[in-house]
Amino acid sequence: MDYKRVLTIQDISCFGQCSLTVALPILSATGVETVILPSAVLSTHTGGFKNFTFRDLTDDIPKIAAHWKSEGISFDAIYTGYLGSVQQINQVIDIKNTLARPGAAVVVDPAMADNGKLYGLFNDEYVNEMKKLAFDCDIMLPNITEASFLTGVEYKETYDRAYIDRMFDALVKNGSKTVVITGVSYNEKTTGVAVLENGEYSYYEHRKLPVSSHGTGDVYASAFVGAYMRGKSVFDAAAIAADYTVACIENTMDDDTHRYGVKFEPVLPYLIERIK
Ligand code: PXL
């Protein structure tokens with residue numbers, strides 16, 4: 001069996017089912033070797049928790065990367081999520097330039113915003129720096145808020161196909177190649193993911209569930225990268241990841257005490273089955 005090695009760079013939020021605590025199990029379950037580079041260690045994620053601890057690992061990242069380089073370690077894909085600082089974005093760009101194998105896929109989830117707002121620790125400087133990484137990758141996985149911050153196209157809660165086309169045009173003008181925009185909803189009952197690949201638009205529509213949970217962007221991106229690295233096309237990986245994320249939300253929505261993340265673990269067999 002083809003066995004791919006993926007490096008994922010994002011934080012460890014010890015409690016909260018997001019970033020690395022989601023990416024490592026999901027990627028492993030899809031059957032890829034998963035190497036992690038933690039950007040920071042937090043006691044919880046920053047969405048809805050107060051007084052969380054934050055250990056910045058910026059100083060360790062170049063040392064870890066230098067060690068890997070000296071050992072001849074390289075990667076078939078590099079997948080980035082939440083990064084702790086502007087400096088880390090530049091470190092990731094260096095890692096991409098030194099540790100990616102020829103033909104490696106660089107997948108960037110510019111995890112920095114949702115529902116029209118930046119996450120708590122980020123500002124305009126971070127957005128500007130993220131443009132360098134996100135517009136120069138192979139596949140970008142933004143939600144509408146992130147695409148809007150990156151392109152300057154205004155954020156809208158209700159919109160039509162022309163708005164998404166305008167977003168894609170602006171992304172491509174800035175250098176994007178392949179983009180999957182998540183949470184694209186053209187009516188009240190459904191939502192979906194809009195894919196732009198080789199200049200062609202496609203759309204995978206699925207049910208919209210009546211709850212919003214934290215960490216679903218990370219579940220989505222991890223499942224996408226796993227499916228893609230196991231040989232699925234961009235569109236099929238985007239659809240599988242969407243169905244898996246919906247199944248995870250469905251598995252969590254009856255529990256009002258569990259909105260900090262989704263119960264993604266019991267649904268892993270479904271993802272594995274879809275990737276076979
Ligand atoms: O799920 C994205 C994410 C990852 N890591 C941290 C976060 C968030 C979203 O708020 O706070 C630390």
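Let me start with aspartate 218, where an N or O atom of the side chain is 2.6 Å from an oxygen atom of the ligand, a polar contact in the sense of a pair of N or O atoms within 3.5 Å. Taken alone the ligand exposes 320 Å², and the protein buries 98% of that, with accessible areas from the Shrake-Rupley method and a 1.4 Å probe. This is a predicted model, in which local features need pLDDT of at least 70 and side-chain atom pairs count only at pLDDT 80 or more, while totals for chains, interfaces and linings use all residues. Residues are numbered from 1 along each chain as its sequence is written, and side-chain values use heavy atoms, with hydrogens and water left out.

Two further side chains reach oxygen atoms of the ligand: threonine 46 places a polar side-chain atom 2.6 Å from one, and histidine 214 has a side-chain N or O atom 3.1 Å from one. The residues around the ligand, meaning those with a heavy atom within 4 Å of it, also include Ser13 and Leu42, and the shell divides into four nonpolar, six polar and two charged residues, where Asp, Glu, Lys and Arg count as charged, Gly is among the polar ones, and Tyr and Cys are among those counted as nonpolar.

Turning to the strands, serine 13 stands opposite leucine 42 in S2, and S1 (residues 5-15) runs parallel to S2 (residues 33-44), joined by nine bridges, pairing being called when DSSP finds at least two bridges. S1 also pairs in the parallel sense with S4 (residues 75-80) over four bridges, with threonine 8 opposite tyrosine 79.

How values were computed. Polar contact = N/O pair within 3.5 Å; in protein donor to acceptor, adjacent residues only side chain to side chain. Helix = DSSP H or I, 4+ residues; strand = E, 2+ residues; numbered from the N terminus.
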